[in-house]
Amino acid sequence: MVKIMTDMSADITKEQAEKYDIKVLPFYINFGEESILADIDYTPEMFYEKFKSLENIPSTSQATPDILEEMYRSIGKENQIIHITIPANSSGIVNTARMISSQLSEEGFDITIIDSSMFSYGIGANVVAAAEMAENGVTKDEIVGFLQERFEKDRVYFIVDDLTTLKKGGRIKATTMVVSAVLDIKPILYSNEGKVEAFAKVKGMKRAIAKLVDCIEENIEDPENTEICIMNADCPEKAEMLKKAIEERLATKNIWQGAVGPIITCHAGVGVFGTYFRHK
């Protein structure tokens, strides 16, 4: 049987993981000298509260090779494994996974590593879809083909309201932050081959949301039947604004809403929100 595995960056819920028997690799979150191993029980809401009380930005790091190997051995004794990971540009877990899976292949384990090239529920939506396919008896090769097509075609888009965390993390220049604050510029970022790049810079939140809906309308595969995913990091009111804007423009009611987890929030801060949808 095929089993699907991912990591905390996919932002799937505990309920989804349990329903589809998806194994989720934990990540370390480092708060100065304190490190915690965040697994599926460590909710986004728990992280938001801690994050807002901190002076310094926490960092993330991959789980140890021993943890990963133990999970592979436990799952792979009687199953084929498809492990869908955070992009290699963002974490060393991809290379670690490939190294360990290669070693275990000599013992007969069947493990396929897929670099998602995306973030948050852009990974998670496809992890869930893959798990549903596996549950319905779809072969490993067919699932891998589906995932490779989705990760090649699709993108995740985020609007960053407050650039403070990106500045502290060294991801933008101080001058960019000042200009953005003075002119009320809202950057729209997107995933591009595993990297986070600027998609557009728009003045004002309403215009930024309208621009994002433009992007959805232009690129979505099937507006009436395709699920549109909306994610937010402790800013449900912005997610609701985006939801209403989508519903006003597109003939869809198939909208899923969820939380941006600790991995992306560490780099973009609370207040970031975005969308994922299947592209043409």
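Predicted model: local features only at pLDDT ≥ 70, side-chain atom pairs only at ≥ 80, totals over all residues.

Student: At what angle do helices α5 and α6 pack?

Tutor: Helices (H or I, at least four residues) and strands (E, at least two) are DSSP runs, numbered from the N terminus. Axes are lines fitted to C-alpha atoms, for helices over the stretch in contact, and angles run from 0 to 180 degrees between N-to-C directions. Here α5 (residues 121-135) and α6 (residues 140-153) pack at about 160°, and their axes are 10 Å apart. The angle therefore makes α5 roughly antiparallel to α6; the classes are roughly parallel under 35 degrees, roughly antiparallel over 145, roughly perpendicular from 65 to 115, and oblique for the rest.

Student: Which hand does the crossing of α5 and α6 have, and which residues make the contact?

Tutor: A crossing is left-handed if the near helix is turned anticlockwise from the far one by less than a right angle, and right-handed if clockwise. The α5 and α6 crossing is right-handed. Contact means heavy atoms within 4.5 Å; α5 contributes G122, I123, N126, A129, A130, M133 and A134, while α6 contributes E142, I143, F146, L147, R150 and F151. By class, these are nine nonpolar, two polar and two charged residues. Ala, Val, Leu, Ile, Met, Phe, Trp, Tyr, Cys and Pro count as nonpolar, Asp, Glu, Lys and Arg as charged, and the others, Gly among them, as polar.

Student: How do the axes of α3 and α4 cross?

Tutor: The axes of α3 (residues 65-76) and α4 (residues 93-105) come within 10 Å and cross at roughly 50°, which makes α3 oblique to α4. This crossing is right-handed. From α3, P65, L68, E69, Y72 and R73 meet I93, T96, A97, I100, S101 and L104 of α4, a contact of seven nonpolar, two polar and two charged residues.

Student: How are the strands of a sheet joined?

Tutor: Strands of a sheet pair through backbone hydrogen bonds, either parallel or antiparallel. Two strands count as paired if DSSP finds at least two bridges between them.

Student: With which strands does β8 pair?

Tutor: Strand β8 (residues 156-159) pairs with β13 (residues 273-277) in the antiparallel sense over four bridges, and V156 stands opposite Y276. Three bridges join β8 to β9 (residues 185-192), also antiparallel, and I159 stands opposite I188. V156 and F158 point one way from β8, Y157 and I159 the other, and all are buried; buried means under 20% relative accessible area, exposed over 50%, partly exposed in between (1.4 Å probe, protein chains only).

Student: Is V202 buried or exposed?

Tutor: V202, in strand β10 (residues 195-203), counts as buried because its relative accessibility is 12%. Its C-alpha atom is separated by 5.4 Å from that of I185, 17 residues apart along the chain.

Key
Residues numbered from 1 in each chain as written. Heavy atoms only, no water.
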